[in-house]
Amino acid sequence: MWRLLRPDAEAVLHDKKARKSLGRYFDVMQNAKPAKFQLAKKLPAEFSETDSTEKLWKLHDELTGAYYELEKQVDSRLKLFSELETPRKSFLDLKIEIARRIMENCHLCARRCGVNRWKGELGFCGCGVQITVSSFFAHMGEEPELVPSGTIFTLGCTMRCLHCQNWTISQWMEAGELHTPKQLARVIERLRSEGCRNVNLVGGEPTP
Ligand code: SF4
């Protein structure tokens, strides 16, 4: 159906310039390479929940270089993704732990509200610890490389622009539906099974 609506989205798959500049994106889209989060799950990270945040950031810095090396090896087939073991704790787990701590004294964005979102305190964006979804669908109006785009509109925004064209889907928290990580994953799987090329988390500014 989308091919009829957006023939340019089909044509871009064969465009040499687009393939050159967005090579990895195209490969992930066509299941020829693993997405970055899948690779991050394969990189071991030795840390404990009792470690200081400073220590976790230091480890994060060290593993960032190791992550890019792993990506390079998998992309060039020096290592096969299917043969990589899943560690007990991964680089992705480390990122989750750091994000969890940031939300205890929220400074995820430049507002730096300092609220403890795990205790129900709300900052400027009004976001708690779960994601509030306004709507999701296969978006046909994006750039051709993205279409059909698995768009998920999130509520709660770090800005309140007077000219906002999306205020009903970025500010109106009562109109949204809370999603646990599992529920959000199911939404993403559904969009993917419908042929969406990507996950497009948007809002509102989607940081919170
Ligand atoms: S993400 Fe929300 S709570 Fe956190 S600092 Fe930004 S506006 Fe404040």
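1. Helix 9 covers residues 181–193; at 1.5 Å a residue its 13 residues should span 18 Å, and the end C-alpha atoms are 18 Å apart, which agrees. The expected span is 1.5 Å times one less than the number of residues. Helices (H or I, at least four residues) and strands (E, at least two) are DSSP runs, numbered from the N terminus.

2. Some ground rules. This is a predicted model, in which local features need pLDDT of at least 70 and side-chain atom pairs count only at pLDDT 80 or more, while totals for chains, interfaces and linings use all residues. Residues are numbered from 1 along each chain as its sequence is written, and side-chain values use heavy atoms, with hydrogens and water left out.

3. Which residues of helix 9 are buried? Leu-184, Val-187 and Leu-191 are. They cover an arc of only 55° around the axis, which puts them on the same side of helix 9. The arc is taken from the directions from the helix axis to the C-beta atoms. Buried means under 20% relative accessible area, exposed over 50%, and partly exposed in between (1.4 Å probe, protein chains only).

4. On the other side of helix 9, Lys-182, Arg-186, Glu-189 and Ser-193 are exposed. The cover over the buried residues of helix 9 includes strand 1 (131–139), strand 2 (149–154) and strand 3 (177–179). Gly-195 follows helix 9 and has a positive phi, near 95°.

5. The largest nonpolar core has 16 residues. Leu-63, Phe-91 and Leu-94 have the most contacts inside this core. Helix 5 (36–40), helix 6 (53–75) and helix 7 (91–102) each give two or more residues to it. Helix 6 gives the most, with 6 residues. A nonpolar core is a set of buried Ala, Val, Leu, Ile, Met, Phe, Trp, Tyr and Cys residues joined through side-chain atoms within 4.5 Å.

6. Leaving aside neighbours within four places in sequence, Phe-91 is in contact (heavy atoms within 4.5 Å) with Ala-40, Leu-43, Ala-45, His-60, Leu-63, Thr-64 and Tyr-67. Another core, of 6 residues, lies apart from the largest one; Val-133, Ile-152, Leu-184 and Leu-191 are among its members.

7. How many disulfides are there? The count is 0, with a disulfide taken as a pair of cysteine sulfur atoms within 2.5 Å. The sulfur of Cys-164 is 6.3 Å from the closest cysteine sulfur, in Cys-161, too far for a bond. Cys-164 is partly exposed, at 25% relative accessible area. Cys-113 is also partly exposed, at 37%.

8. Backbone points to check. Most residues other than glycine have a negative phi, and most peptide bonds are trans. Val-147 and Pro-148 are joined by a cis peptide bond, with omega about -5°. Pro-148 sits in the loop between strand 1 and strand 2.

9. Arg-77 has a positive phi, near 65°. Arg-77 lies in the loop between helix 6 and helix 7 and counts as exposed, at 58% relative accessibility. Arg-112 has a positive phi of about 45°. Its place is the loop between helix 7 and strand 1, and Arg-112 is exposed, with a relative accessible area of 56%.

10. Overall, the protein chain has 9 helices and 4 strands. From the N terminus, the order is α-α-α-α-α-α-α-β-β-α-β-α-β. Buried residues make up 36% of the 208 residues. The C-alpha atoms fill a box of roughly 50 × 45 × 25 Å along the principal axes.
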